[in-house]
Structures are given as structure tokens and as C-alpha cells.
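Let's take a friendly walk through this model, looking at how its parts meet. Have the sequence and the 3D view at hand.

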Amino acid sequence: MKFDQFFALAKERGITESQIQVTRSKSLAMSLFHHEIDNYNISEGQNVIACGVVNGKFGSCRTEELDGNTFEFLVNGIIESAGVSEKAETAELFAGSEKYHKKNVYNPELALIPVEKKIALIHQIEDDLFAYDKRVNEVESVSYEEHEGLSEFYNSRGLKLKQKSNYYVLVGAVDGKSGEEVKTSWDLSLGNDLNSFDEKSFVKGIGDKLVAKFGGVQCPSGKYPTILENDVFADLVNYFISSTSSDEVQRQSSFLIGKLNTKIASSKVNIAEKPLTKNVFFSYFDDEGVATMNKDIVKGGVLKTYLYNRETAKKDGVTSTGNGQWEGDKIGIGYGNIFVKGSKKPFADMIAPIKEGVFITEIAGLGTGMNAQSGDFSCQAQGFMIRDGELAEPLNLITLSGNLLQMLQDVKGFDNAMKLNTDSITCADAYIKKMAIGGK
Amino acid sequence: MISKSLALKVLNEALATGGDYAEIYLEQNDSQAVTLENGKVETSGTRRSYGAGIRILNDLKSVYGYTSVLSAKSLLTLAHDLAASFTGTRKIEVKSIEKQRVKVTNPIEDHLTDVPTAEKVALLKECYAITASVDKRLVRIQDVFANNFKSIEIYSAEGEIGKQFENTEERGRLVMVAAAADSGKIETNFQGPGRYAGWHYFKDVLDWKKLAKECGEKAILFLTAKECPSGRFPVVITNGWGGVIFHEACGHSLEATATAKHLSVFSDSIGQQIANPIVSAFDDGTIPNEWGSNNIDSEGHVTQKNQLIRDGICVGFLVDKFNGRRLKMEANGVSRRQNYKYEPTSRMSNTYIAPGKDKAEDILKDTKLGIYVTNFGGGSVNPTTGEFNFSASEAYIIRDGKVCEPVRGCTLIGSGKEVLMNIDRVADDVALGQGMCGSASGSIPVNVGQPTIRIKEITVGGRGGKLE
């Protein structure tokens with residue numbers, strides 16, 4: 001596309017500064033059911049987001065249709081959008097950061113692995129899941145997806161940035177039966193180096209999780225010392241990080257108002273954003289063209305920074321932290337590659353001192369059970385009782401309730417089971433002094 | 001969006017390797033949203049989603065692909081690449097395409113896309129003023145009006161004569177969110193009425209003044225709410241949005257996506273009693289101008305009123321074309337998708353528990369100690385185990401038949417089989433509530449609904465200790 005034509009048309013129509021981002025993507029996906037490929041998907045897509053400044057006001061427009069009229073459509077959309085804006089702040093686009101830490105995270109080998117090999121891999125996973133335990137009743141699905149994307153950023157101030165990336169997602173899901181009891185288990189693997197995927201341990205993880213669930217009971221309602229498995233803790237940390245958005249804080253919608261540089265969590269809690277980590281979530285510029293940077297968010301329990309884009313940074317008299325991200329029709333706040341520091345302690349050592357507690361391995365319904373403004377949450381959970389320092393009977397159909405800030409203040413420690421989840425959060429299992437469990 | 005002659009070529013390319021059904025789904029969706037923050041226009045944006053999805057079925061196999069480039073070359077390449085995943089020889093040569101008549105069951109006279117942004121802004125400003133006047137502790141008020149206009153063309157073939165369908169969908173939604181803060185506590189309230197309707201409905205029929213006031217009042221009320229108790233006790237659920245419990249506890253588990261592969265707790269339930277005999281339930285995509293209604297589904301089938309449960313007996317599933325093959329059941333107009341990037345599958349539209357004979361006030365009066373749930377955030381379900389959860393955004397304690405203090409942080413969990421049998425009272429005040437449902441084929445607008453019901457015992461989670 002000839003973006004100079006877009007900038008020229010925008011200028012001609014009174015858009016003093018303009019920006020255009022184009023994302024091209026393609027994907028391949030397939031899934032197995034009963035030893036046959038029952039679903040095979042391929043796709044190619046494109047998405048254009050444009051924004052600009054008209055009389056100091058910000059406007060935006062986006063489309064997936066690229067033809068001779070696209071620039072006209074985008075320019076008209078920006079003018080209409082900016083025309084009704086009542087924001088007091090004067091908008092301006094970004095000239096560029098001093099330095100960008102560009103890395104090549106695209107793995108060309110992934111696409112070169114023959115499709116037949118990928119199909120053989122999911123067949124192998126399915127066969128091994130069926131054979132794992134006689135209680136495996138059905139392999140609900142084994143699927144492989146591969147995505148490739150190219151993001152391009154241009155603005156009328158001459159800033160030009162590009163990033164190419166790719167990744168795969170492998171998912172295995174089973175259900176099992178024991179008498180009348182039905183249980184499910186699943187897991188996924190995410191990365192862009194398929195050669196390092198460990199099929200045997202992937203299958204074992206899903207199978208072990210399934211068989212351990214049989215005989216689940218409800219514990220009495222009450223407050224228990226609680227271990228949150230890494231995936232569960234990551235889900236909760238994700239909401240906490242959302243609350244560090246300066247936009248939410250400035251709009252008085254975050255429980256972190258006025259908490260900057262104060263102790264908000266146990267001194268064991270250290271959380272950092274490291275967008276420059278070389279993995280599938282790597283990103284070296286944000287949606288305003290600002291260079292991203294690694295930074296501490298919570299250090300020794302103290303809140304060190306909010307996450308800023310250029311507009312919110314200006315309001316607080318600081319500089320952008322490189323966290324500008326499209327959020328509907330405006331550039332809001334986003335993040336990637338969050339790390340919560342773990343310890344060297346194995347899981348068994350961490351739970352050893354717990355006389356009676358719970359180990360939560362799965363939660364459901366947090367999306368609607370979380371009040372992101374107050375940090376209060378309540379959701380469905382399952383896991384195990386902990387008795388005399390060891391895992392005991394499985395727990396099913398219980399609820400986990402708490403408050404995010406209270407939870408972080410009650411962190412007693414972490415083990416060494418670090419895991420990267422799909423929301424780009426890497427953390428270990430967390431030991432919380434006490435949490436409310438609802439059961440019988 | 002494409003010519004009939006190109007569609008014919010693409011269908012034949014797709015069917016070249018033995019596919020027994022091919023379909024091209026073309027879509028242009030223009031949407032607009034205006035957002036006010038504390039009474040001032042924060043953003044207003046338009047976006048266009050545009051593309052095509054091609055699907056080929058071959059017995060129990062399905063291949064699907066999409067592209068946002070609608071040129072002949074792009075569509076023929078996609079059809080060719082998809083067809084290459086089958087190795088057979090042609091069974092069907094499509095010779096012609098006949099346009100099908102689509103009956104408009106959701107008429108709209110005044111299109112939302114024709115309404116000037118300034119008029120929408122004026123309405124939102126009135127909403128803001130009403131909410132803001134409730135209390136000074138309301139620190140953030142958001143008012144949003146979002147609307148979309150979707151044009152769809154479907155070409156499908158499973159024989160010599162292909163079919164062409166054209167349809168449009170148009171929906172609007174008014175969203176109000178109020179956040180109240182006091183002494184370090186923050187509570188929010190959400191109102192989000194939506195409809196397959198024009199501007200007249202939103203401006204003149206919908207009681208937005210009442211909703212705007214309620215939005216502010218409830219955010220303030222819950223600032224002083226106690227934490228919800230936990231344990232197992234009776235729960236009375238109000239009409240309308242309360243139907244999310246049926247949506248999660250049962251609806252998803254009756255979708256052919258789950259039942260066809262025997263992955264649902266209700267896979268073998270047709271003819272079986274799965275609910276208390278006082279419970280009957282429907283999924284009805286034909287209710288004129290409702291949020292989940294449509295003239296036709298994503299495969300071109302006319303939408304239907306499908307009974308799912310009659311007097312506690314399971315009498316039907318929601319069946320799309322592909323999963324219907326495994327079930328040996330006919331598709332019943334429920335195949336839906338978010339957009340062309342998703343392969344369509346069986347989904348709910350307007351799903352509700354039918355009215356019973358009780359009165360809501362009698363149900364409350366007859367409950368000594370329990371929880372009264374009047375609004376929800378939403379929920380989720382594992383269709384295989386039937387275990388579901390949903391979170392109540394507004395709940396109150398019932399003592400001696402009276403609605404008492406509000407409680408916050410309330411989650412209800414259970415298994416679909418258990419909870420449907422435990423519904424012991426059904427009132428006559430059925431109503432619908434609007435939401436977005438996320439599942440295999442993306443996020444789609446659905447109505448949930450029910451009259452006031454009572455569940456005689458269900459697990460309630462909260463941080464408030466025992467119910468006393």
C-alpha cells in the first residue's frame with residue numbers, strides 16, 4: 001500500500017497528523033476426533049487501523065476492506081470521529097523513541113515443518129491420551145493451530161516500524177468416567193519452536209490431572225490456607241495488572257488510586273513487565289510507536305509504577321512506559337510478558353507446614369465473578385485438600401472468593417514451578433495465608 | 001458482494017475433490033460506537049469488518065477458511081486449497097444458483113446507521129445527567145451507544161442447483177456503567193439493553209430514564225452491602241436476566257456442538273426427564289426484533305421456535321447442519337457465528353424457561369431463609385460435566401419471606417442435572433435479558449430469559465461466612 005497517499009489525502013482534508021497500522025495475518029488450524037481430521041481451517045486476513053488529529057481532537061477508524069476507496073473511508077471516519085470528540089486534551093502523534101530494541105522472534109522453521117508431520121503429532125497425542133488410563137472415556141479434541149502475523153506502523157511524522165511473529169498452539173482435551181462420575185482435563189502448549197515440544201510430558205500432564213479428579217467432594221465452607229496453582233494465580237495477577245493502568249487510576253476506577261510507592265503487597269511479591277523478553281509475546285513498540293521497556297511494577301511489595309500511554313503520562317507529569325494499546329476506538333493501556341518472581345522451593349516443601357488447607361488447581365467464571373474496580377472476586381473452583389502437609393482428597397464444585405489486594409498482602413511465598421500462560425504471565429504456585437472457600 | 005457466476009465457480013472449485021456440501025458466506029459489517037465519559041464524548045469510531053468464509057463438508061469432515069480479499073483469484077485459491085484436504089473425485093457439479101426468498105421477520109423502519117451521531121450523543125448526555133444526579137459519590141459514569149449493520153450473502157450447494165440467500169441484521173445497544181466510591185470501596189452497576197431495532201425503540205419505547213436512575217442508585221446501594229454468605233441454601237432468581245442460569249446450566253449442553261460427539265451431560269437425554277416437571281423451555285429465534293432473533297441463520301435456514309424441554313422431559317437439541325449429520329437430525333435454524341472468521345455451529349438465540357403458574361411474590365413469601373438474586377454478571381459451563389457457575393451482581397438476603405439487606409460477591413455453582421431438578425417454583429412473569437454469549441463460533445448476541453424461579457438448594461460462594 002502507498003501510505004504516502006493516505007497521509008497526503010488526510011492532510012488535504014484537514015487531518016494535521018495521521019497514523020496508519022496494517023496487520024496481515026494467516027493461520028492454519030486442524031483438529032482430530034476419533035482418529036480423523038474432522039476440522040481443517042486456513043485463513044488470510046488484514047486489518048487497517050488509522051487515526052489522526054483534526055483541530056487538536058483525536059479520531060480513529062478501522063477496516064478490513066482494502067481497495068481503491070480504503071483511504072477515503074478511513075479519512076472520512078477519522079474526521080467524523082474527531083468532530084464529536086469533547087476531550088479537553090490536545091492530541092498529538094509521536095515522533096519516535098530514541099532507541100528501539102528490535103529482536104527477531106519470527107521462526108521461519110515453523111512454517112517449513114510439513115503439515116503431514118503436524119498431523120502425525122496430533123495423532124500421536126490422541127493415541128497416547130486414549131491409552132493413558134482405562135478411565136479415559138473420550139479424547140474430546142486434539143488440535144493444532146499456527147499463526148503468522150506482520151504488523152506495520154507508519155505515521156505522518158515519519159515513524160516506520162515493523163514486527164513479524166509466529167506461534168503455534170497445541171491443545172489436548174479428554175474426558176474420563178469412573179462409575180457415574182464424569183471429569184474433564186485439558187492443557188495447551190504455546191510457542192514457536194515445535195521441535196522442543198515434549199509430547200510425552202504434555203500427555204502425562206493431561207492424563208494425571210484427569211485421574212486425580214475422581215472422587216471429588218465439597219469441603220465445609222470456611223477460610224483455609226490456600227495454594228493457588230500457577231495458572232490460577234496467573235489469572236488473578238492478570239486482573240491486578242489491569243488495575244495498574246494509569247487510565248483506570250486517573251478515572252478513579254482502580255483500587256490502586258493513591259497507592260504509588262506504598263506497600264500494597266507482601267514483601268515476597270515482585271512483579272515486572274518484560275515486553276522485551278524473546279518469546280512469542282515479544283513486542284518492541286506500542287500502538288503509539290513508543291519503544292517498550294522492561295520495568296518493575298511491584299518490588300518487595302511496593303507499587304513502583306502505573307502503566308502509562310502518552311496521554312495519561314502527560315496528565316501525571318511522567319513519560320510513557322510504552323503501554324499504549326488500542327482499546328476500542330482509542331489508544332488505552334495494554335501490557336505483555338508479566339513475570340512474578342518465584343523461589344527455589346519445591347512444591348512439596350511449600351505445602352509441608354500446612355496442617356489443613358486447600359490447593360486450587362482450576363477456576364471458572366472469573367470473567368464475570370471479578371469486580372475489577374474493587375478487586376473483589378468470587379468464582380467456581382476445584383483442587384485438593386491439603387492435610388498434614390500433603391495433598392489429600394480432590395475437591396469439586398467449591399467456590400473461591402477474595403480480594404486481589406488482600407490476596408497479595410497475604411502471600412506467604414512461592415515455589416519454583418514457573419509457567420508461562422496464554423495471557424503472557426509467568427509465575428509459580430503461590431501460598432496465600434487464608435482465602436474463603438465455599439462448599440457444603 | 002460477488003457475482004453469481006463467480007460464486008458458481010467457487011462452489012465448483014470447492015466441490016472438486018468429493019465434498020458433498022459447499023458454502024460461501026460473505027459479510028460486510030459496519031459498526032459504530034459513541035462513548036461518553038462523565039458526560040463528555042470520549043470516543044466515537046466506525047469500523048468495517050469485511051470478508052468471506054468458505055466451508056466444505058464431506059460426510060463427517062469439515063474444512064473451513066476465510067479471507068478478507070474478495071477477488072476472484074483470492075476466493076478461487078481459498079476454495080482450491082480447502083478442497084485439497086480431500087483426496088476424492090467430484091460428486092457434485094453445480095450448474096446453476098437460485099436466489100431464495102428471505103422473509104423479513106425483524107422489520108426496521110428507522111435505521112440506526114442513518115441517525116446523526118449528534119442525536120445519539122444528545123440521548124447519552126440525558127442518560128448521564130439522570131445517573132449523575134443520583135449521588136455525588138458516583139465518580140465515573142460511562143454511557144455508550146453501539147450499533148451495527150451487517151449485510152450477508154450466502155451461496156451453498158449440495159446438488160446441481162445451488163442456493164443464494166441475502167440477509168441484513170441490525171442491532172443497537174445502550175450501555176450505562178456507574179462506579180460509586182466511598183471510604184476506599186468501589187462498586188459498579190451495569191445496564192445494557194439491546195435490541196434488533198431502529199432508533200424509535202431506543203429513543204421512545206425503551207425506558208432509559210428509569211435504567212439511568214437505577215444504574216446510579218444500585219452502584220450507591222451496594223457500597224454498603226455486606227459480603228455474601230457461603231453454603232448451600234434456597235435461591236430465588238428474578239425474571240429476565242435470571243435466565244442466564246438456564247443458559248449455562250442447560251442451554252450450552254443441549255447444543256449439537258456438544259451432544260453430537262457425546263461430549264455433553266445431556267447427549268442421551270432426548271425423551272428423558274432432565275428437569276422438574278414444572279419446567280418447560282424454548283429457544284426461539286423468531287421473536288420479532290428481539291436481541292437474539294434473525295430472519296435466517298448462518299446456513300440460510302429459517303429461524304425457528306424450538307422446544308428443548310417439555311414438562312421436565314428433554315425433547316430437542318439445537319442442531320446445525322454439520323453436527324446434525326452425526327446426530328442424524330435435521331438442522332433447526334440455530335447455526336450462528338460472530339463473523340466470517342468463524343465456522344458456524346449450533347448456538348442459542350432467545351432461550352427461556354416458559355412461564356409457570358406461581359406468583360413471584362408468593363415464591364418470596366414462602367422462602368424463610370435464602371438469597372434473592374436480581375442481576376448477574378454472567379457465567380460459564382463445562383458441557384461435558386454440566387458443572388456451571390454464574391456470578392450475581394445484585395443479590396439480597398431473604399428472611400421470613402421478605403427481601404432484606406443487599407449482599408455482594410455472590411457466586412452460584414452447581415451441575416446442570418442437579419439444578420434443573422431442584423427448580424421447585426416457577427412464576428408466571430417471564431421476561432428476557434440481553435447478553436453476549438462466547439463459544440466455539442465467537443461472541444454473539446443472545447437473550448436469556450425466565451420467569452421468577454426458586455432453586456430449593458444450590459451452592460452459594462461468598463466471603464460473608466454462614467447465612468444467618
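## A bridge between chains

In β3(B), Tyr66(B) is the bridge partner of Ser43(A). Strand β2 (residues 36-54) of chain A and strand β3 (residues 61-67) of chain B run parallel and are joined by 6 bridges. Strands here are DSSP runs (E, at least two residues), numbered from the N terminus, and two of them pair if DSSP finds at least two bridges between them.

## About the model

This is a predicted model, in which local features need pLDDT of at least 70 and side-chain atom pairs count only at pLDDT 80 or more, while totals for chains, interfaces and linings use all residues. Residues are numbered from 1 along each chain as its sequence is written, with chains lettered from A and ligands numbered from 1 in the order in which they are written.

## Where chain B meets chain A

In total, 66 residues of chain B are in contact with 58 residues of chain A; contact means C-beta atoms, placed from the backbone, within 7 Å. On the chain B side, strand β2 (residues 40-58) of chain B gives the largest share, 12 residues.

That side of chain B, touching chain A, has 31 polar, 19 nonpolar and 16 charged residues. Nonpolar covers Ala, Val, Leu, Ile, Met, Phe, Trp, Tyr, Cys and Pro; charged covers Asp, Glu, Lys and Arg; the others, Gly among them, count as polar.

## Two domains in chain A

Chain A is divided into domain 1 (3-210) and domain 2 (215-440), with bounds from an automatic or database domain assignment. Their C-alpha centres lie 24 Å apart. The contact takes 24 residues from domain 1 of chain A and 16 from domain 2 of chain A.

Notes
Contact = placed C-beta atoms within 7 Å. Helix = DSSP H or I, 4+ residues; strand = E, 2+ residues; numbered from the N terminus.
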